[in-house]
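Visitor: Hi, can you walk me through this one? I'd like to see it first and then ask things as they come up.

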Amino acid sequence: MSNEKERIEQKNAITNIAGFESDKFIEWVAKNIEKPFKEGRARRLINNNLVQGFLNWARRNSLWPLHWGIMCCSIEMAATSDPRYDVERLGVIYRSTPRQCDVLLLNGPISYKLRPTVMRLYDQMPDPKWVIAMGECTICGGPYYDSYSIVKGSYTVIPTDIFIPGCPVRPEALMYGFLKLSQKIKSEKKGFVSTRKGRKVSAFKGHMAQFKGEVTYEVPEELR
Amino acid sequence: MKSQKSYDRTSNRKKRPRGTVVRPLLTTLKQTVKTTPIIRRLVPGGRKPVTFLYPYEKLELFKSYRGQHSIDWFKCIGCELCAKVCPNECIYFETIKMEENSPYLLSKRSKMDTIKKQIKRPAVDVGHCLFCGDCAEYCPTDAWTFLQECELADYTREDLFYHSDELKKPDELSDRKQVLYNRQGDEPILDVDACIGCLRCDRECPTGCISMTNGPNLRKDKPIPIPEFNYTVCIGCQQCVDVCPANCLHMEEIHYETTEIFYNVNFRGETHLLEDWVPKKVTNLKMSVSTPKTDSVKTPPPPTA
């Protein structure tokens, strides 16, 4: 009888996940999902070279950005998904919630009032996540570089991976940015990736090293 | 193309609009048949697909598109007019040491640079650039050009700063034609009594349009030298005004070299050649030392009032 009772309780515990309180839910996730992944057979299976390669291939071919427009560059963002520049060929599908996204596409000046929202959106995204700064307003403030209310660059708020200059950027340029991001994800195993000028920089997401008191993306010589 | 029955709410039974599954399938099928290579010639309304496949084929951009900057080092004289005009202040000038017989050292340069054997060439922070094209528009020597290259995405912020040698146009592509044209419209004017005769404007002028002459004022029984401007050569780069320690120079619109193109349209709709207004303006000037040439003006009308 006691065994049957326990079994029923366990069954109920699994079925009533939605009815849990948040603390209890986190406990349940840590026990039933995270633990077998961190230690055990699943961990070994995922660390396998072949599986990692497959996961990398899947990640770089399905970059789902957040469908979120700040200012005028969002018009170009819309233009990339139209039939002429059909960006869904490259696996870029716009999603309307940060919980289904891999890429945070920032298109426009980030005001100090918007900054907490950007940080919150970044936190809400699941972990393999990248950030694209689109247009000069996002890169460094642009024409509002001496304004009192605009953040001087998205990289001061959240670690940014791709910078696309232009005012506004062309749809081709945005697609080129997405392709560059997929290139970066591809060379994650190597550890570094070379820029347009031929400088080698880190390929890890949002990786910023600190040299000479300045925050840069440069790879230390030990890692090369 | 909504079916009427789906909006019929008289009956209690829930009805799905007709054709939610079949009709979209049919439309996509139609499009595929219309755009397949061989069949589209036989089917009425057949056409090529609209999509262009970006990484494999590239769209030819129009010629006036402003992408990557490129600067002709043979033409540029280092007047820093582009840096003054830039609304974002993203153009910086770099001084480069040159050898004695370098082809970039031309006669039309500032005397200061000839002495030091150096040239000044612009560098651009592309991550800050507005791509408005003001630098190319105001350039007096046509050294600025924009390429049709729009793919400038990069991994870091530092790499978006392009140094002067990275923006250099290849030597084979430049036609090395020397042009000087005042697109600013303003020209420097001297206040003679304030001038101290330090010759700094003469040394800094990139075109060599300044020649020093004896002024009316005396210092220790000797005349103070004052600059005399050759307005046919001057490009209005304000370099002399910036350098002047006594603030005796200021910029003012005097005349155009050829005014035949310009018209002045007032609110009544009457059009006047701008040429007609120039002589009036010249006669009103009192501060100018050397009056500009008025040879090109044809038969000025009598001044009214």
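**Contacts, confidence and core**

Guide: In chain B, 69% of the contacts with a separation of 6 or more are between residues 24 or more positions apart. A contact here means two residues whose C-beta atoms, placed from the backbone, lie within 7 Å. This is a predicted model: local features need pLDDT of at least 70, side-chain atom pairs count only at pLDDT 80 or more, and totals for chains, interfaces and linings use all residues. Residues are numbered from 1 along each chain as its sequence is written, while chains are lettered from A and ligands numbered from 1 in the order in which they are written.

Visitor: What's the mean pLDDT of chain B?

Guide: The mean is 80, and 76% of the residues of chain B reach 70 or more. pLDDT is the predictor's confidence in each residue, from 0 to 100.

Visitor: How many helices and strands does chain B have?

Guide: Chain B has seven helices and 11 strands.

Visitor: What's the strand order in the open sheet of three strands?

Guide: The order is β2-β3-β5 in chain B, with antiparallel pairing. Its edge strands, each pairing on one side only, are β2 (91–97) and β5 (161–162) of chain B. Two strands count as paired if DSSP finds at least two bridges between them. Strand β3 (residues 118–125) of chain B is joined to β5(B) by two bridges, and B:V124 stands opposite B:Y162 in β5(B).

Visitor: New topic: how many residues are in the largest nonpolar core?

Guide: That core has 81 residues, and those with the most contacts inside it are A:L106, A:I132, A:A133, A:M134 and A:I164. A nonpolar core is a set of buried Ala, Val, Leu, Ile, Met, Phe, Trp, Tyr and Cys residues joined through C-beta atoms within 7 Å. Helix α8 (residues 171–186) of chain A gives the most to this core, with seven residues.

Visitor: And what does A:I164 touch?

Guide: Leaving out residues up to four places away in sequence, A:I164 touches A:I132, A:A133, A:M134, A:V169, A:A173, A:L174, A:G177 and B:A153.

Visitor: How many residues does each chain put into the contact between A and B?

Guide: Chain B puts in 25 residues and chain A 36 residues. The chain B side divides into 15 nonpolar, five polar and five charged. Ala, Val, Leu, Ile, Met, Phe, Trp, Tyr, Cys and Pro count as nonpolar, Asp, Glu, Lys and Arg as charged, and the others, Gly among them, as polar. The predictor gives the complex an ipTM of 0.80 and a pTM of 0.77.

Visitor: Last one: why does B:N217 count as partly exposed?

Guide: Because B:N217 has 14 other C-beta atoms within 10 Å. A residue is buried with 20 or more such atoms within 10 Å of its own C-beta, exposed with 12 or fewer, and partly exposed in between, with C-beta atoms placed from the backbone. B:N217 is in strand β7 (residues 210–219) of chain B and touches B:V192, B:D193 and B:I224, not counting residues up to four places away in sequence.

Technical notes
Helix = DSSP H or I, 4+ residues; strand = E, 2+ residues; numbered from the N terminus.
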